[in-house]
Every structure is written in C-alpha cells, then in structure tokens.
Number of protein chains: 2
Amino acid sequence: MSTPAAEVSRRARKKDETRTRIFRAAVALFREKGFEATTVDEITERADVAKGTFFNYFPRKESVLGYLSELQLAEVEALAEEMLAAQGPVRRKLIELLQRTARVYEEDPELSRFVVQESMKRAHTPSDDLHVHWHRLLAQLIRQGQEAGEFRREAPVDRAVSVLGSVYMGTVFMWLCCRKGTSGCEEAGFPLREELAARISLVLDGLAA
Amino acid sequence: MSTPAAEVSRRARKKDETRTRIFRAAVALFREKGFEATTVDEITERADVAKGTFFNYFPRKESVLGYLSELQLAEVEALAEEMLAAQGPVRRKLIELLQRTARVYEEDPELSRFVVQESMKRAHTPSDDLHVHWHRLLAQLIRQGQEAGEFRREAPVDRAVSVLGSVYMGTVFMWLCCRKGTSGCEEAGFPLREELAARISLVLDGLAA
DNA sequence: GTTCATTGTTGACCATAGTCACATTTGGCC
DNA sequence: GGCCAAATGTGACTATGGTCAACAATGAAC
C-alpha cells in the first residue's frame with residue numbers, strides 16, 4: 001500500500017502489541033506485588049523486551065498508571081454521554097455519574113491509590129487532554145442543570161466544575177487512604193459511594209443556613 | 001544534671017542544630033535549583049555532614065518538605081486561634097483564615113508545588129498529627145457557625161470540614177500548577193485568594209437554586 | 001534484490017536515593 | 001580520670017530509575 005495504511009500497517013500493529021504487552025505485564029505485577037515493589041526490570045523481563053524498550057513507550061514508570069487511567073476514563077466516557085442524554089433531575093444524574101465513576105477504584109484500591117495520586121499530579125495542568133475532556137463533560141451536565149432551573153445561573157460553570165472535581169478527588173483519595181488495612185488506619189473507613197453522594201449533596205445544597 | 005535536662009542537654013541542642021542545619025541547607029538549595037534537581041549529596045555537603053546523617057533526620061528526601069509544612073502550619077495555628085476568638089460572621093472568618101493560610105504558597109510557588117503534593121499524600125492518613133490538628137481547628141470554626149445559626153445544623157461537621165478541605169487543597173494546587181510560566185500553561189492563571197473566596201462561597205451557598 | 005532512510009530495539013552505562021555495619025561522641029557513674 | 005552503654009555520625013555499598021549510542025528490522029523506491 002502506498003497510503004500510510006490507516007493505523008494497520010505491520011509496524012503500527014507490532015508497536016501496539018508491544019505497548020500492550022508491556023502494559024499488561026506492568027499492571028499484572030503491580031497487582032501482584034504492589035507498584036513500588038515492582039521494578040522496571042521485572043516488567044521488561046515478563047514482557048520479554050529490553051529495558052530500553054519500556055522507556056520508548058512510557059517515559060517514566062508512573063506513566064503506566066497514566067495510561068491505565070486513560071483507559072478507565074474512556075470507559076466512563078460512554079457513561080457520561082448516557083447521563084447527559086438521560087431524563088430526570090440533574091442532581092441525581094450528577095451523583096450517579098460520579099458514583100459509578102468511582103466504582104472502578106473499588107476493584108483494586110491498593111493500586112488505585114497510586115493511579116489517583118498520579119492523576120492528581122496531572123489533573124490541573126491545562127495541557128492534559130484527558131482531564132480537559134472530563135472537565136468539559138461535567139461542564140455540560142452543570143449547564144444542563146442551570147438551563148433546567150435546577151442550579152443557580154450566577155455560578156460560573158468552570159468554578160462549579162472545579163469545586164465538584166475537588167470534592168470528588170478528595171473523597172476518593174481519602175477513601176483510598178483510609179480503608180481498613182491501610183497502614184495507620186485500623187478502623188473500617190467509610191462506604192465510598194454513600195459518602196461521595198453525601199458530600200456532593202452538601203455542595204449542591206450549601207453549608208449555609 | 002541527673003534529670004533528662006528538659007530538652008536542653010548538650011546532646012539535644014546539637015541534635016537540633018544539626019537538623020536545622022540540614023533543613024536550612026536543603027530548603028536553600030530547593031529554592032536555588034528546584035526540588036528535583038537538588039541531590040541529597042549536595043544538601044549534606046552544604047550542611048557539612050555525611051550522607052547517612054541526612055537520613056537519620058529525614059527518612060526520605062521528601063520528608064524535608066513535610067517538616068517545612070509543619071513549620072508553616074505552626075505559624076498558621078496562631079492565626080486560627082485568633083479567628084476562632086474573633087467577632088463577626090463565621091463565613092467571613094472562615095474565608096479570611098483560608099485566604100491568609102494560602103498566602104504562604106505565594107512566596108515560592110515553585111517549591112510550594114512539591115510541598116503541597118507531599119502534604120496531599122499524607123493529608124488523608126488518619127495517623128498524621130499535623131492534619132488531624134488542622135481538621136480539628138476547622139471543625140471548631142464550623143461548629144461555631146452552626147451554633148450561631150449561620151450554618152445548617154444537619155450537616156455533619158466532619159463532612160463539612162472534608163469538603164472545605166478538598167476545595168481548599170484543590171484550589172491551591174490548581175493555582176500552583178497553572179501560574180504563568182508553569183510548563184504547559186502560558187496564560188496567566190488566576191488570582192489565588194479571590195478564587196479561593198469564590199469557591200468557598202459557592203460551597204457555603206450551594207450550587208442548587 | 002539492492003539500497004537506504006526511518007523507525008524501533010537493545011543492554012551497557014550513569015546518577016542518585018536509600019541502607020547498614022562500623023566508628024565516634026556523649027554523658028552518667030564509679 | 002577511666003569505663004561503659006546509648007546515641008549519633010559516617011561513607012562505602014546497593015538497588016533501581018532512567019539515558020544513549022550503537023544496532024537491527026522495516027518497507028518504499030528503483
């Protein structure tokens with residue numbers, strides 16, 4: 001073919017395969033022995049590539065976590081569109097969206113702690129496409145609420161998104177750090193989805209009397 | 001003396017001196033060349049101690065940042081007490097407290113980014129005395145607001161503190177990442193104290209109509 | 001099938017955070 | 001002063017994340 005073979009040239013395929021192999025090996029090891037305890041050497045050994053190859057695909061060890069959260073966010077994107085299109089009070093849709101998004105962390109909280117930490121580092125750099133997109137989706141939902149007369153129109157949408165985002169991230173991260181079994185926390189922590197709903201409700205209703 | 005010499009034995013003094021010398025050298029270097037670009041070797045060289053000594057006082061390079069934020073928080077503590085005792089609407093006191101607390105980050109935003117990042121890592125572990133204390137101070141202020149009839153009594157104090165804390169941290173961190181000159185952000189960012197006040201107000205008044 | 005630029009792979013190499021067994025200092029006790 | 005246990009200091013050493021110059025595979029053009 002003389003065209004650049006729209007993403008299916010042998011090269012592109014091999015490249016994708018290699019990235020996936022490295023990614024899979026890395027995540028598997030992270031789950032088995034923890035993020036910090038896993039070395040890049042172990043990852044490349046399991047993925048059957050040289051060490052240098054790892055850094056061709058992921059500039060830093062932590063970048064694997066970034067890629068993981070990209071995949072996770074992609075899954076949630078469909079959900080967000082669904083919520084935007086759904087009927088019913090925006091308040092309920094907002095809370096349900098965030099609750100269902102948070103579910104992914106419940107699968108592997110230990111690893112998620114590092115994923116979220118990495119996310120937070122990048123979350124606020126305006127050049128991060130991932131979070132810009134997420135921000136935009138939330139913004140649409142808020143605007144929907146304003147148009148429906150459910151939310152106050154004076155509140156700037158961007159500010160509202162930032163506040164809700166902070167509360168979402170803060171809640172998730174606290175839950176990840178406070179679960180039973182986490183070092184420095186023997187007590188049972190709190191139920192993530194319930195607390196998330198409660199805190200978002202608090203923001204919606206306001207603390208003032 | 002036969003008593004343990006209430007913290008002023010020669011040993012204790014020397015220990016303190018050494019810790020301070022290491023701390024000062026570290027912070028000076030962080031400001032000069034950035035946190036990541038500074039090596040532990042450089043720090044110990046400037047402080048005139050062996051490398052191992054550094055790790056006697058700070059288990060990890062990042063711990064220096066933790067100690068720095070302890071010192072900063074201690075300064076702010078007096079301010080918090082002052083606010084608790086002051087007259088006037090709790091809303092205003094709360095906003096002023098957070099605004100004035102945030103000021104410390106404006107002095108050296110570049111370094112503060114790492115300080116705050118480190119803080120966030122520890123912020124949510126229940127065993128961190130520093131943040132427990134901060135949490136308690138905020139809680140007292142909120143309770144004051146409830147008793148004055150300014151804040152809703154149904155809202156659990158702990159939840160309110162967590163929400164306000166998340167918004168505070170999120171705002172500060174976003175500002176630190178989005179200032180003019182930060183990589184990936186040419187635009188001017190936003191004025192920290194104004195945005196902080198606006199977001200806290202949003203939480204107090206609620207987003208719902 | 002030969003050539004060649006481009007893209008991808010490799011592993012020896014480097015920098016540095018963090019460890020540890022040993023040396024030194026301290027201060028209480030006789 | 002001389003002794004000792006505990007606290008503190010030391011720097012050679014290790015482990016590991018990350019770099020890079022050389023090398024190999026690829027595929028387009030002829």
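Author: A nonpolar core is a set of buried Ala, Val, Leu, Ile, Met, Phe, Trp, Tyr and Cys residues joined through C-beta atoms within 7 Å, where buried means that 20 or more other C-beta atoms, placed from the backbone, lie within 10 Å of a residue's own. The model is predicted, so local features need pLDDT of at least 70 and side-chain atom pairs count only at pLDDT 80 or more, while totals for chains, interfaces and linings use all residues. Residues are numbered from 1 along each chain as its sequence is written, and chains are lettered from A and ligands numbered from 1 in the order in which they are written.

Reader: What makes A:Leu164 stand out in the largest nonpolar core?

Author: Of the 102 residues in that core, A:Leu164, A:Val203, B:Leu164 and B:Val203 touch the most other members. Leaving aside residues up to four places away in sequence, A:Leu164 touches A:Leu138, A:Ile200 and A:Val203, a contact being C-beta atoms, placed from the backbone, within 7 Å.

Reader: How do you know how chain A and chain B are related?

Author: With least-squares superposition on the C-alpha atoms of residues with pLDDT of at least 70 in both copies, a rotation of 180° with 0.0 Å of shift along its axis places chain A on chain B at an RMSD of 0.0 Å. The two copies are therefore related as by a two-fold rotation axis.

Reader: Why do the copies meet through the same surface?

Author: Because 100% of the interface residues of chain A are also interface residues in chain B.

Reader: Which residues are closest to DNA strand C?

Author: Among the 23 residues that surround DNA strand C, the closest are A:Ala50, A:Gly52, B:Arg10, B:Val40 and B:Gly52, where near means a C-beta atom, placed from the backbone, within 6 Å.

Key: Buried ≥ 20, exposed ≤ 12 C-beta atoms within 10 Å, placed from the backbone. Contact = placed C-beta atoms within 7 Å.
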